[in-house]
Amino acid sequence: VAKLDIPQGTLELMILTILAREPMHGYGLSQKLASLSRDNFHVNPGSLFPSLYRLEQDGKLKAEWRPSENNRNAKFYRLTPSGRRQLEHHRQRWDRIAFAIASVLEGA
Amino acid sequence: MTLLHRLGSVLGWLFHRKRAEQGLDDELQAFIDMSAAEKVRDGLPPAHARRLAILELGGVEQAKERVRTYRHGGRLDELGRDVRYAFRLFVRNPAFTVIIVLTLALGIGANTAIFSIIDSLLLRALPVKEPGRLAIVTSTGQSSWTYPIWEEIQEQADIFDGAFAWSTYNSRFNLTPGGEAQFVNGMWASASMFSTLGVAPVLGRTFTPADDLRGGGPNGPAAVISYGFWQRHFGGAPDVIGRTLSLERVPFTIIGVTPADFFGLDVGRAFDVAIPFGVEPLVRGLAESRLDGRTSWWIWVMVRLKPGQTVEHGTTVFRGLQAQIREATLPAGQTATELEDYLKEPFTLAQAATGRSSLRSQYQRPLTVMMVVVALVLLIACANIANLLLARATARGHEWSVRLALGASRGRLARQLLTESLLSAVMGAAAGLLVADWGSHLLLRQLSSESVSLELVFDWRVLAFTAAITGVTALVFGVAPALRATRGAPIDALKDHGRGNAGTGRLSVGNSLVVTQVVLSLVLVVAAGLFLRTFSSLASVSLGFESDRVLLIEINAQRTQIPLEARVATFEQVRQRVLAVPGVVSAGVSVIAPVSGAVWSRRVEVSGSTIVRSERSTGPEGFGRTDARIPEDEPLAVFNAIGPGWLSTYGTALLAGRDIVERDGRTAPRVALVNQAFARKFLSGASPIGQTVRTLRLNAPAARNIVGLVADAVYRDVRDPVLPTVYVPLAQYDGDATPVAPPEVTLSVRTTSPSPATLTRSVSAAIAGINPNLALTFRPLADQVNDTLIQEHLLAMLSASFGVLALLMAAVGLYGVTSYAVSLRRTEIGIRMALGATRGAVLRLVLGRVSTLVAIGIAVGLAVSVWASRFVTTLLHGIEPSDPVTLASSAAALALVGVAAGWLPAYRASRLEPTKVLSDI
C-alpha cells in the first residue's frame, strides 16, 4: 500500500503532540510517527529535521544531547512552555477544521 | 516569536556557526546509525542497511541544505557564501570581470555625468524661497531692460509680491587700483533683490532702499559678498562686516555675506560681490553712467508672483501698466517708427524658477546630443553585458548541473546568480560614480575657458536609474539562461555536456543583440564622423588674418582721470610705447577684437547702392555681444574703429586705396575702409572707393568717404559668413553711448615669439609707464579663436571616443556570438571537414554568418543615422547631415571591425581537427 504524504502544515502539530508526552530524538520521532499513523504516513527526514530546527529556533522546543536507550549519543527534543501553548493553539485549530470538514461531508 | 529571540538566533548563528554545523552533522549521523542498526536487526547486511538509511534520509547534503535554509541567519550565511563565491569567480576570470565592470562604469558614469550638468544648467531650481513663484519680465525675443523702465516697474511692484532688478553687464570689477587687473564677478542689484528672493544673510545684512540711493547710501557705497568670496578672499574672517573693499578704485563697505548655496541668478556664473545700482555712477563715472540711459538695455527684472497667481494672470495684470511704463521712458533720438515699435512691444512674464543663463541657449543642444549619445552607449553596454553573460551562462551550464546534482535547489542557484549580477552592478556603479565625478568636472572645464562655475550636485536619481537598468540587464541575461539550462533533470544536463546539440533559441537572442549593437554603434560612429568633419572644417576656415603670435590687451580707461577727449591720444601713446618693447613687431588699437563675440552693427546708406533703406531692422543693431544673425537683405553692416597699424598687425590685406593713418583725426575729413563682403552686398562687387557710407539714425553724423578696400576677414564668429564690415578711424569714433571715445579698446600686438603671452610682463610695464591706472587684461588671439570652437571640439572629441568605444563593444559582441555559434556547430563543422570541406570553405561558412549579421546591422544603422542626423543639423558646419562620405566611411569602419571580430573564431573553426571532433561524439 502506498504511503501518504503528510498534509501541509500538520507535521508540526504531530511533532508537538508526540513530544508533549515524552522527550525524543529525531529517529525515535520518525519511528513513532510511522507507528502512530499505522504506517500510513511516510515521514521524510528531509522535512522532519527542518521542522525540528525551526521549532527549536522559535523556542517551542529545547534540545539536549544525552545517551539514547541503546547507549548512543543522540539529540533529544522536549517541549518548552511556549511549545505547550503552541500545541494547545494548533490542536484547537485542528479540531475546528476536522469538525468543519466532517460537517460539510455529512451535510452534502 | 519575539524580536529578541530572532536576534539571539542570528547572533547565535554568527558566533556558533561552526558548532551548529557540527551539531547538525552529528545528529544526522546518529539518525543514519540508528536507522541502519534497526535495518541490520531486521536482517539486512550492514553495508546495504546503511545505504538504504542514507537514501531514506534523502541524501545527507540535501537534508543539511534544507535545514540550513530554515535556520535564522542561514540566509545571511548563504549570502555571505554567494558573495564570496562570486568574488572568487571574478578573480578567477579577471578579463571578464574587468570588461563587465568597465562597460557598466562607462555606461553609468557617462550618463550620470552628462545628466548632472544638464540638471545644474537647465533643470535645477534656484536656491531661494519658493522659486516657483519667480517670473522674469521679457519682451519679444529679449529680456533686458533699461534702468528707467526698472524704476517705473519698481513703482508698481506691489501688484506682485515684490519685484527686483539685477545685472551682470560690465560687472567684472577690478580689485586692484591699477596695472594688471584682478577681477571679481560683480553683480548689480536693486535694494529689493535679496528680500524678494528671500535670501537671508549668514552674516550682517542685505541691502535696504537707502543703500540703493544714487551715489551710494548715507554711509557710503555698500557691498554684499558671497560666501565663496568671503572664504576665498577673507579666509572666512568673522569680522569681515564693516571692512572696506576696493572695486574699480571705489571703496565699498562690506555689509553682509550671503549663504553658501546662493550663487546669484545667473546659472553658470557665481557672483563674488553684489553692489546696488545706485552706486553705478560712482563706478562708471557720471559721464558714462547708464542709469538714465533710455537706450541702454542692460538689466534684468524679475517679479515674485502672489501665491496662487499664474504667470498668465501676472502677464495680464502687468500689461495693464504697459502703456504707462512705456510712455514714461520714451527714448530720445528715435524715428517715429522706432518709437511706435517701442510703445507696442508687449511685456510678458516667463517662469524663472531655474534662474537665467547665457550658457543655456549655447549648450542646450550639444548637451542634449551628448545625452542621447551616452544613452546609446548605455544601450550598447547593456547589449554587450547581455551577450557576455549569455555566453558565460552557456559555459557554466555544466557547473549548474553538477551543483544541482550535489543538492543545490533551483532557487538557491538563482540566488547565487542574482548575487553575482548584483555584485557586478554594484562594482560597476561604484566605478561609474568615479567616472561620473571625474567626467563631469573635466567636461565642465572643457566647456568654456571662461570661468564657468556650476554647482554640480551629484544626481543620485540618474546614478540609481542607470545602475538599475544595467543591473536589470545583468539579471535578465545572467539568470534567465542559467535557469533554463537547469530546467531539465540534472542527469540530462550532465549527459549533455560537450555534445553541442543545445537549442538555437539562445543563439538567436545573441544574434539580435549583436545586430542591435551594430546599429547603435553605426549611429554613434556616424555622429562622431559628422562632428569631426564639422570641427575640421571650422578649424580650417580662412580667418582673413593670422592669429598666431598676436597678443590681445584689453585696456580700460574708465577709472583713470584722463579726459574723454584725450583718450584716443593716450591709446596712441600706449601703442607707441608698446612698439618699443623688444619682441614687438607691430601693434594696433581697435574697439572690437575679432572673434570676441562683440558686434557693433548699424543700418547704413551707401551711395550708389541698390539696397533700399529700411525703417527698422530685424537683425541686431547696436553695440554688444549677440548671436543674432545679420540679415542679408537689410542694409546692415558691422563696424570697427581701428587705429594705424591695426590692419598690418592682423595681416589683413589692403586691396585698393589707402590704410587708416594718423592724419585721420577727429577734425579731418571723415573716412572709412570697407571689406569685399561690403562691396558685394551694397555695390554688387563694384569698387567702393569714392562712394560714401552713412549710418541710418536720427541725428546721425555726416557721411564718410570710402577710401580703401580690404580683404574679407572673420569678424564675430568663424561660423558666420563674412560680414560686410566698415572700418572707421578710432579718432573719428562715433559710437552712441560715449560719442567721443570708447571707454575700452583692445591693443593687438604682433610679436616675434610663438607664445605671445610671454610678453605680458614687459608690455604691462610699458603701459604702466604711460598711466598706471589703466586696467589691463591679456589674452593671446589664438586662444580666443580656439575658444570659439570649444563646443565643436568637445562634441567631436566626446563623440569620437564614444564612437570608438561603441566599435570596441560591437567587436566584443560579435566575437562572443561567433565563438558561441562555432562552439555549438563544432560537430557539424567536423563532419563537413571529414566529408571533404576545405579550411577555406569553413572560414567562408563562419565569416558568411558574421557578414550577414553585420550587413543587416549596417543597413538598419544607416537608415537610423540618416533619420537621426536631422536633429543635429544646427550643430554642423560645412557638411550636410546625411553626408555620403561620412555615412560610407562609417559603414566601412563597422564592416571592417565586424569581419575582424569574426575572423578569429572563424580561423579557429577552420583549424578544427575532424578526427578529434568526431571522436568526441
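Reply: Asp734(B) is partly exposed, at 25% relative accessibility. Partly exposed means between two limits: buried is under 20% relative accessible area and exposed is over 50% (1.4 Å probe, protein chains only). This is a predicted model, in which local features need pLDDT of at least 70 and side-chain atom pairs count only at pLDDT 80 or more, while totals for chains, interfaces and linings use all residues. Residues are numbered from 1 along each chain as its sequence is written, chains are lettered from A and ligands numbered from 1 in the order in which they are written, and side-chain values use heavy atoms, leaving out hydrogens and water.

Asp734(B) and Arg670(B) form a salt bridge, N to O at 3.0 Å. The rule asks for a side-chain nitrogen of Lys or Arg within 4 Å of a carboxyl oxygen of Asp or Glu. Asp734(B) sits in the loop between strand E22 (725-729) and strand E23 (744-751) of chain B, and Arg670(B) in the loop between strand E18 (654-657) and strand E19 (671-675) of chain B, so the bridge ties together parts 64 residues apart in sequence. Strands here are DSSP runs of E, at least two residues; helices are runs of H or I, at least four; both are numbered from the N terminus.

Elsewhere, shared partners link salt bridges into one network: Glu130(B), Arg133(B), Asp161(B) and Lys306(B). Take Glu130(B). Its phi is positive, near 40 degrees, and it is not a glycine. Most residues other than glycine have a negative phi. Glu130(B) lies in the loop between helix H5 (94-123) and strand E1 (134-138) of chain B. Its relative accessible area is 43%, which makes it partly exposed.

Glu280(B) and Arg284(B) are bridged, with the closest N and O atoms 2.4 Å apart. Both belong to helix H9 (residues 280-284) of chain B, 4 residues apart, about one turn of the helix.

Glu64(A) and Arg66(A) pair at 3.6 Å, N to O. Glu64(A) is partly exposed at 40% relative accessibility. Arg66(A) is partly exposed too, at 30%. Over all chains, the search finds 30 salt bridges.

Next, the interface. Chain B and chain A are in contact through 22 residues on each side, contact being heavy atoms within 4.5 Å. They bury about 2100 Å² between them, 64% of it on carbon and sulfur atoms. Buried area is the accessible area (1.4 Å probe) that two parts lose on being put together, summed over both. The rule finds 2 salt bridges across this interface. One of them joins Lys75(A) to Glu27(B), with the closest N and O atoms 3.7 Å apart. On the chain B side, helix H1 (3-41), helix H2 (46-57) and helix H3 (60-70) each give two or more residues. H1(B) gives the most, 14 residues. That side divides into 9 nonpolar, 6 polar and 7 charged residues. Asp, Glu, Lys and Arg count as charged; Ala, Val, Leu, Ile, Met, Phe, Trp, Tyr, Cys and Pro as nonpolar; the others, Gly among them, as polar.
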